[in-house]
Amino acid sequence: MASQWRRDNDDGPADRSPHFFKIILPNAVQEGKLRIPDKFVQKFGVDLSDMAFLTIPNGRKWKVKLTQHAGGVWFQNGWSKFASSHGVAVGHLLVFKYEGNSQFHVLIFDATAIEIDYTLDGELQVHRIEDDESDDSSVEIIKHFYRGEGSGSAHPKKDGGVAKNLVIANAFKSENPLFTVIMRPSYVNGKDRASLPQDIINYLPRDGFTKDYTKASILPVKLQIVDRLWPVKLYIYERRGGSSCVVSAGWTAFVRENSLQVGDVCVFELIMRDGVLFNVHIFKCQD
């Protein structure tokens with residue numbers, strides 16, 4: 001879909017409205033909020049109110065509350081609804097064009113860098129949220145923080161190439177089910193376990209499981225890279241809050257022998273062949 005703010009005349013003056021982009025990382029999905037770049041807020045924070053308006057190319061406008069915490073400013077209340085309504089997922093790219101007065105135009109690109117098809121609404125409307133009075137943020141908090149009257153210790157952290165890895169990993173296609181895992185410190189520090197996406201459970205066979213003293217259901221599986229196999233075990237835990245899936249009993253050897261590090265992205269491709277086998281595709285951080 002053509003960009004709403006593409007210049008009508010290529011020979012005309014360039015659009016000088018400030019822009020920034022955000023690649024969606026797992027924490028943005030899990031925590032239901034998105035951080036606005038610090039440099040943008042330092043420059044334009046005085047102009048921001050505690051409510052932002054996000055407009056997509058079909059003209060629909062969404063009202064999202066801004067909060068200030070953890071040394072930064074975030075799209076928060078209303079962000080999850082905006083993201084889920086447009087299928088925003090890990091690896092997607094969002095481009096924000098700032099029009100002033102807390103008004104943003106937003107373009108959404110999927111993990112293959114193709115702009116999404118925006119669902120057309122019957123009428124243009126503002127999607128409203130209920131203000132959370134317990135929030136400790138306001139326009140004054142935002143203004144004071146970025147005038148230097150609050151904590152000045154906020155510094156954006158480098159992601160070590162994770163964002164780029166996610167875009168590449170999510171562009172990987174297969175006819176088989178795929179599951180993406182980012183290597184965390186606890187996955188590579190020798191504890192011999194890593195959490196896998198819960199959706200894996202839906203694709204596993206019903207037979208072949210055993211039980212142990214932890215009341216977990218255990219399934220032997222293999223991890224494959226090229227022509228080498230690593231035997232591991234999947235542990236499925238059924239809890240009141242839902243199921244979880246953990247790979248263990250051989251995971252440490254897989255991590256060590258493939259030199260996995262924090263920030264590496266692994267795509268597990270599920271293949272049903274002589275039992276359960278995952279063909280693992282590794283996307284390494286370069287930093």
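F40 is buried, and F104 is buried as well. This is a predicted model, so please take the contacts I list as features of that model. F40 and F104 form an aromatic pair, with 5.9 Å from centre to centre and 50° between the planes, and the pair is tilted. In the chain, F40 belongs to helix α2, residues 38-44, while F104 belongs to strand β7, residues 103-109. They are 64 residues apart, and the pair links distant parts of the chain.

How many aromatic pairs does the structure hold? There are 20.

Next, a second pair, F268 and F278. The ring centres are 6.0 Å apart and the planes are at 80°. The cut-off for edge-to-face is over 60 degrees, so this pair is edge-to-face. F268 lies in strand β15, residues 265-272, and F278 lies in strand β16, residues 276-283. The two are ten residues apart, and this pair too is one that links distant parts of the chain.

At 17% relative accessibility, H105 counts as buried, because the limit is under 20%. Ten residues away along the chain is V95, and the C-alpha atoms of H105 and V95 are separated by 8.1 Å.

Then the lysines. K97 is in strand β6, which covers residues 93-100. Why does K97 count as buried? Its relative accessibility is 8%, and the cut-off is under 20%, so K97 falls on the buried side. What does the side chain of K97 contact? It has a polar contact of 3.1 Å with the side chain of E99.

The other lysine is K33. Where does its charged end sit? The charged end of K33 is over the ring of W74, at 4.5 Å from the ring centre.

The F268 and F278 pair is edge-to-face. K97 is joined to E99 by a polar contact, and K33 has its charged end over W74. That is the list.

Conventions: Residues are numbered from 1 along each chain as its sequence is written. This is a predicted model: local features need pLDDT of at least 70, side-chain atom pairs count only at pLDDT 80 or more; totals for chains, interfaces and linings use all residues. Side-chain values use heavy atoms; hydrogens and water are left out. Helices (H or I, at least four residues) and strands (E, at least two) are DSSP runs, numbered from the N terminus. Buried means under 20% relative accessible area, exposed over 50%, partly exposed in between (1.4 Å probe, protein chains only). A polar contact is a pair of N or O atoms within 3.5 Å; within protein, one must be able to donate a hydrogen and the other to accept it, and residues adjacent in sequence count only if both atoms are side-chain atoms. Rings of Phe, Tyr and Trp (its six-membered ring) pair if their centres lie within 6.5 Å; planes under 30 degrees apart count as stacked, over 60 as edge-to-face and the rest as tilted. A charge sits over a ring if NZ of Lys or CZ of Arg is within 6 Å of the ring centre and within 35 degrees of the ring normal.
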